[in-house]
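Thanks for making the time this morning.

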Amino acid sequence: MIHLIKGDISTFAGDAIVNAANTSLLGGGGVDGAIHRAAGPELLAECKTLGGCPTGEAKITSGYKLTSRHVIHTVGPIWRGGSQNEAALLASCYQNSLQLALSHGLTSIAFPNISTGVYGFPKDLAAEIALRSVRRFLDKNPDVEVSFYCFDDENYSLYRGLIEDLDEAAR
Ligand code: AR6
């Protein structure tokens, strides 16, 4: 099942929130900054033990002060015009985050709109990739619930349109 929420992902109560991090995993701005602020300094301390994370891959930590039990840190691609494998790397972020969640027995997962902030990925294309990747995973793993947290109006209306389209197509 897919849920669509407008708001701050650090308020999600469930098994895991996905963080749109950078390869250092040592924090940053945007959603990464919001998650680290809400989780407290212990999150950074655990991240320091992970040795970073390549683009498109994912690593898991505890959630500390968050209402989410875990944080899955993934690194989206920086948009460089579309010829640098950006689309496949973004799809990998969603797939690898969900696979990691599944391997830990986690079934309620929240995603932000990875790469659509300072990394500059076009929001319409990113939304299509996110929904396609997640739907493909949910077809095989129907017990998993995914919540998309959209922070800005543009992403929210893009997702709302695409989810309505997909629901209509499934009828
Ligand atoms: N909850 C949900 N979504 C949010 C929140 C929030 N609290 N705050 C921002 N967003 P960005 P990126 C949305 O820039 O593009 C960091 O410095 C925002 O509207 O956070 O993947 C990292 O350390 C946007 O749609 O992540 C990296 O260096 C989306 O989150 C770099 O930014 C992603 O925006 C990663 O860039």
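What you see is a predicted model, in which local features need pLDDT of at least 70 and side-chain atom pairs count only at pLDDT 80 or more, while totals for chains, interfaces and linings use all residues. Residues are numbered from 1 along each chain as its sequence is written, and side-chain values use heavy atoms, with hydrogens and water left out.

Around the ligand there are 22 residues, and the closest are Asn22, Gly29, Val31, Asp32 and Thr116; to be near, a residue must have a heavy atom within 4 Å of the molecule. By class, this shell holds 8 nonpolar, 11 polar and 3 charged residues, where Ala, Val, Leu, Ile, Met, Phe, Trp, Tyr, Cys and Pro count as nonpolar, Asp, Glu, Lys and Arg as charged, and the others, Gly among them, as polar.

Turning to polar contacts, which here are pairs of N or O atoms within 3.5 Å, a polar side-chain atom of Asn22 lies 2.8 Å from an oxygen atom of the ligand, and a backbone N or O atom of Gly29 also lies 2.8 Å from a ligand oxygen. For Val118, a polar backbone atom is 3.0 Å from an oxygen atom of the ligand. Taken alone, the ligand exposes 700 Å², of which the protein buries 90%, with areas from the Shrake-Rupley method and a 1.4 Å probe.

Where does the ligand sit? It sits in the largest pocket, in the sense that more than half of its atoms lie within 2 Å of the pocket's grid points. A pocket is an open set of points on a 1 Å grid over the protein atoms alone, where a 1.4 Å probe fits, with protein on both sides within 12 Å along at least five of seven lines, and lining residues have an atom within 4 Å of a point.

The lining comprises 27 residues, of which Ala20, Gly30, Val31, Asp32 and Gly117 lie nearest the pocket's centre.

How values were computed
A polar contact is a pair of N or O atoms within 3.5 Å; within protein, one must be able to donate a hydrogen and the other to accept it, and residues adjacent in sequence count only if both atoms are side-chain atoms.
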